[in-house]
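Subject: Structure for you to look at

Hello,

I am handing over the structure below. Please read the notes after it with the model open.

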Amino acid sequence: MTQERPRGRPRSPEADRAILDAAEEVLLRDGYAGLSMEKVAAEAGVGKPTVYRRWVSKAALVGDVAKRGYRAAAPEVAIPRPGPGDAARAVAHWFRSHTEAMTDPRNRALVLALTAAAAESPQDAESLYRAHTLEQHRAIVDLLRAGMDSGEFRTDADPDAVVDALIGSTLYLLLTGGAAAAPQRAEGLARALLDGIRAS
C-alpha cells in the first residue's frame, strides 16, 4: 500500500527564523504602527504568502517575536517550586526575574508592540493573553494558593488579584517610562503585596 504524502510543503525552520528576525528588526526600527506583513516579507526575503502561512495576523507574529525576545533575555526565568513556608520568597524571585526580562532594553520595544497589538483588536488581545501570559498567571496563582494552604498567606486572600497587580505593574512602568527602575521596584512591590496577604 502506498503511503499517502502529506499535503503541502513542510515548514522550513530557516524561513521561520528569517521571518521572526525580520519582524523584530522592523519593530525596533519602525514600531508597531510601521510594521506590515509586506515589510516583513521583503526584509526576510520571502513571499508574503510564506508569512501568512505561518502567522495569520500581524498580532500573532508580534506575539511570537515578543515571546522569543522574553526567553532570550532571561532564559533562566522559570516558575519556582518552593518548600513549605517559602511561597513568598519564590514569588518575589520569579517577579524580579520576570521584570528584568520584560524591561531588557531590546525586549522593551517588543513588549510595547505586543501591548499595541492587543489594544488594536479585542480578539487578538484574548489570544495573545492565552498564548503569552495565561500559563505564568496560573502558575503563580498556584504558588500563592500553596502558601494559603500551608498557612503562610491568609485563606481569604485573592491570588488572582495579586498576580494581576504584579504583572500589570511591570507593564505600567514600561508605558510610563519607568522601565529603568522596574527591577529595583520589583522587590519592594512584591514585598508590599505579599506582606498584605500574610497570615497574622
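What follows covers the domains, the contact between them and the salt bridges.

This is a predicted model, in which local features need pLDDT of at least 70 and side-chain atom pairs count only at pLDDT 80 or more, while totals for chains, interfaces and linings use all residues. Residues are numbered from 1 along each chain as its sequence is written, and side-chain values use heavy atoms, without hydrogens and water.

The chain is assigned domain 1 (13-55) and domain 2 (76-197); the bounds come from an automatic or database domain assignment. Their centres, taken over C-alpha atoms, are 29 Å apart. Five residues from domain 1 and seven residues from domain 2 make the contact (heavy atoms within 4.5 Å).

About 570 Å² is buried between the two domains, 66% of it from carbon and sulfur atoms (accessible area, 1.4 Å probe, lost on putting the two parts together, summed over both). Of the area that domain 1 buries, 81% comes from Glu 24, Leu 28 and Tyr 32.

The interface has zero salt bridges (a side-chain nitrogen of Lys or Arg within 4 Å of a carboxyl oxygen of Asp or Glu), whereas the whole structure has 15. In one of them, Arg 89 meets Asp 86 at 3.2 Å, N to O. Arg 89 is exposed at 60% relative accessibility, and Asp 86 is partly exposed at 28% (buried is under 20% relative accessible area, exposed over 50%, partly exposed in between, with a 1.4 Å probe and protein chains only).

Regards
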